[in-house]
Structure formats: C-alpha cells, structure tokens
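Grab a pencil and have a look at the model below. We'll work through a handful of exercises, each with its solution laid out step by step.

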Amino acid sequence: MPQQFSVRVQTRGYELDQQGHLNQAVYMQYAEHARWQFLHAAGLTPDVLGAAGIGPVLLKATVRFQRELRAGDEVDVGCAINGGRGKLVELTQPFHTPEGVPVARIEGVIGVLDLATRRLLPDPRALLHKLAPRPDVLGPNP
C-alpha cells in the first residue's frame, strides 16, 4: 500500500468558474502543488533535482470530478506513487474534504527528464529513491 501524503489547500474566490465552483483547470494546479510538496517532503527540492541534472515531467493526467468545491472550502490533495514500469511512474492524487469526503481523483503518469539530453531516464523510481534524503516518503521501491 502506497504511503499517503497530502497537503491542505483553501480555495479562493478568483479560482471559481461561472457556476460558482472551483474551475476544472485549478484542480490541476492543486495537483501540481501537491506533487512538488510530496517531492519536497522526500528532500527532492528543485535545487537537489537541478544539481542532479534531472526534473520530473507530467506525461498524462486523468481527472474524475466527484463533488464541487466552492470559495473558502478546504481540500486535502494527496500524492502517492502506486506503480510504473520502465521510464514511467504512476501516481494517484485523491482530493478529499477535511472530513474525508471524496471531491476528485487524478491518476497521473510522470517521468524523470535528463535536463541535458531532454530524454526520459530509465527506472525513475529507483533514481528518485537513491537521490532522496527521505526516500520513505516516496513509498516502497520495488
């Protein structure tokens, strides 16, 4: 079972759409924020990644909306590695109210880019675990 990590975000009025609920594109911004916080919690800051000459890249994301969020609502955005093979890492990012009510779920695929060659690197899970000062945050490395 993947380690659960989450960050709480409070929605802001300017993020709402015409119907008064959180704009669909903002969910992706919240997910990006949670992914970076997840890496940061493992010690994989932009400086650490940059010094290693690598950077994570989002390759695919699928969103399932389950409940609306309105201005001022709080949401916990999770991030967990739950699979992947070869050059790919699969992530799950559940969105829940502080009471645990599901709001949305993003299933994503990331890779790790060699910043010099602009190519995806093999076995990104192992690479991130090796580089992370706190690899336990990333969950198991099969």
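Predicted model: local features only at pLDDT ≥ 70, side-chain atom pairs only at ≥ 80, totals over all residues.

Residues are numbered from 1 along each chain as its sequence is written, and side-chain values use heavy atoms, with hydrogens and water left out.

**Exercise 1. A pair of rings**

Task: find out how the rings of Y27 and F95 are arranged.

Solution: 
- Step 1: get the rule. Rings of Phe, Tyr and Trp (its six-membered ring) pair if their centres lie within 6.5 Å; planes under 30 degrees apart are stacked, over 60 edge-to-face, and the rest tilted. The structure holds 3 aromatic pairs.
- Step 2: apply it. The centres of the Y27 and F95 rings are 5.6 Å apart and their planes sit at 45°, so this pair is tilted.
- Step 3: Y27 lies in helix α1 (residues 24–41) and F95 in strand β4 (residues 89–96), so the pair ties together parts that are 68 residues apart in sequence.
- Step 4: check burial. Y27 is buried at 3%, and F95 counts as buried at 0% relative accessibility.
- Step 5: widen the view. Ring pairs link Y27, F65 and F95 into a cluster.

**Exercise 2. The largest pocket**

Task: which residues lie nearest the centre of the largest pocket, and which element supplies the largest share of its lining?

Solution: 
- Step 1: know what you're after. On a 1 Å grid over the protein atoms alone, a cavity is a set of points where a 1.4 Å probe fits but cannot get out; a pocket is an open set with protein on both sides within 12 Å along at least five of seven lines, and lining residues have an atom within 4 Å of a point.
- Step 2: list the lining. There are 14 lining residues, with R35, L39, P56, V57 and I110 nearest the centre.
- Step 3: trace where they come from. α1, β2 (54–65) and β3 (74–83) each supply at least two, and the largest share, 5 residues, comes from α1.
- Step 4: zoom in on R35, which sits in helix α1. R35 is buried, with a relative accessible area of 9%. Leaving aside neighbours within four places in sequence, R35 is in contact (heavy atoms within 4.5 Å) with L58, C79, L91 and Q93. The C-alpha atoms of R35 and G78 are 8.3 Å apart, though 43 residues separate them along the chain.

**Exercise 3. The nonpolar cores**

Task: which residues have the most contacts inside the largest nonpolar core?

Solution: 
- Step 1: define it. A nonpolar core is a set of buried Ala, Val, Leu, Ile, Met, Phe, Trp, Tyr and Cys residues joined through side-chain atoms within 4.5 Å.
- Step 2: The largest core has 18 residues, and F38, L44 and L138 have the most contacts inside it.
- Step 3: see who contributes. α1, β3, β4 and β5 (102–114) give two or more residues to this core.
- Step 4: find its neighbour. Apart from this core lies another one of 15 residues, among them V7, Y27, V77 and V103.
- Step 5: follow F38. Not counting residues up to four places away in sequence, F38 touches F5, C79, I81, V137 and L138.

How values were computed:
Helix = DSSP H or I, 4+ residues; strand = E, 2+ residues; numbered from the N terminus. Buried < 20%, exposed > 50% of the residue type's maximum accessible area, 1.4 Å probe, protein only.
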